[in-house]
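This report is written for someone meeting the structure for the first time. Please look over the sequence and the model before reading on.

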Amino acid sequence: MRGEKRKSAGTAIESAAAGYLKPWREVITPHKDVASGRYQQAEFAADLWQVHLGEGTDEYRDPVEFFRRTYLTQSLKSMLVGAVRRLAGKGGDPVVQLQTNFGGGKTHSMLALYHLFSGIAPTELAGIDAVMQEAEAKTLPAPRRVVLVGNKISPGNPVKKPDGTVIRTLWGELAWQLGGKKAFARIKADDEKATSPGDALRSGMGWHCSRGKGTLSLLLTAMMRMPVGIAG
Ligand SMILES: Nc1ncnc2c1ncn2[C@@H]1O[C@H](COP(=O)(O)OP(=O)(O)OP(=O)(O)O)[C@@H](O)[C@H]1O
Ligand SMILES: [Mg+2]
């Protein structure tokens, strides 16, 4: 009896939907690489760390290609406008928390910030003219970009940077990205013991900030809340 009821309810929903909802393939056309089945499953996932290392496909790695394939939603646009304003010292939020469901566009939003402040001219990026207009800016600042991806850093598996620096912790990675070997030296002892550097990190950051460069920090963790820090 219950099964019958469920069946008839299902039919009612299906017929009602079929009446005015078009199949998705008639509403949008997938990119050629997706439609042809050529696209690798692994390439679907936006990966901030991979992009930061200069790896991955052009769609994510190259700022021009990235924005060509990005749909500038209202919320993405207003986040970019806020970031341009903040880095130009004209308002904007210093910290932005990205909260969406899985696959809602958190990583894509961070990549958009990463590429927007890559030193490229705004005229080269699709859709960014509208962002510049709303932010009342003509040029894009080129801050130091810091990318921290929590699940890529493990004190048990130190990484060796191109300049030979060996890094174990999130703090070490932050210091090194901010100020290279010199900044890292300030917290080296803590990095080796995998302990928090406390105030030493702050003075290291102060040292960096006093050099007058803005910073865009993209912090991606395994948690649902992902803050983006934009220091003028
Ligand atoms: N505005 C957009 N324009 C074009 N593609 C987008 C946009 N937002 C997200 N995408 C794409 O949608 C997919 C899911 O987005 P993304 O990986 O950023 O979500 P997420 O919130 O980080 O997901 P997760 O919670 O799984 O980490 C990715 O392939 C991404 O490139
Ligand atoms: Mg993500």
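This is a predicted model: local features need pLDDT of at least 70, side-chain atom pairs count only at pLDDT 80 or more; totals for chains, interfaces and linings use all residues.

## Helix 8 against helix 10

The crossing in which helix 8 passes helix 10 is right-handed.

## Helix 8 against helix 9

Helix 8, which covers residues 74-87, also packs with helix 9, here at an angle of about 40° and with the axes 11 Å apart. That angle makes helix 8 oblique to helix 9, and the crossing of these two helices is right-handed. On the side of helix 8 the contact is made by L76, M79, L80 and A83, while helix 9 contributes S109, A112, L113 and L116. Seven of the residues in this contact are nonpolar and one is polar, whereas none is charged.

## The setting of helix 9

Ten of the eleven residues of helix 9 are buried, so this helix is largely enclosed by the rest of the structure. The buried residues are K106, T107, H108, S109, M110, L111, A112, L113, H115 and L116.

Helix 9, made up of residues 106-116, also provides the largest share of the shell around ligand 1, namely three residues. In total 15 residues surround ligand 1, and the closest of them are Y71, G105, K106, T107 and H108. By class, the shell around ligand 1 consists of five nonpolar, eight polar and two charged residues.

## The chain as a whole

The helices described above belong to a protein chain that contains 13 helices and six strands. Of the 232 residues in the protein chain, 27% count as buried. When contacts between residues at least 6 apart in sequence are considered, 60% of them join residues that are at least 24 apart.

Terms used:
Residues are numbered from 1 along each chain as its sequence is written. Chains are lettered from A and ligands numbered from 1 in the order in which they are written. A residue is near a molecule or strand if its C-beta atom, placed from the backbone, lies within 6 Å of it. Helices (H or I, at least four residues) and strands (E, at least two) are DSSP runs, numbered from the N terminus. Ala, Val, Leu, Ile, Met, Phe, Trp, Tyr, Cys and Pro count as nonpolar, Asp, Glu, Lys and Arg as charged, and the others, Gly among them, as polar. A residue is buried if 20 or more other C-beta atoms lie within 10 Å of its own, exposed if 12 or fewer, and partly exposed in between; C-beta atoms are placed from the backbone. Two residues are in contact if their C-beta atoms, placed from the backbone, lie within 7 Å. Axes are lines fitted to C-alpha atoms, for helices over the stretch in contact, and angles run from 0 to 180 degrees between N-to-C directions. Angles under 35 degrees count as roughly parallel, over 145 as roughly antiparallel, 65 to 115 as roughly perpendicular and the rest as oblique. A crossing is left-handed if the near helix is turned anticlockwise from the far one by less than a right angle, and right-handed if clockwise.
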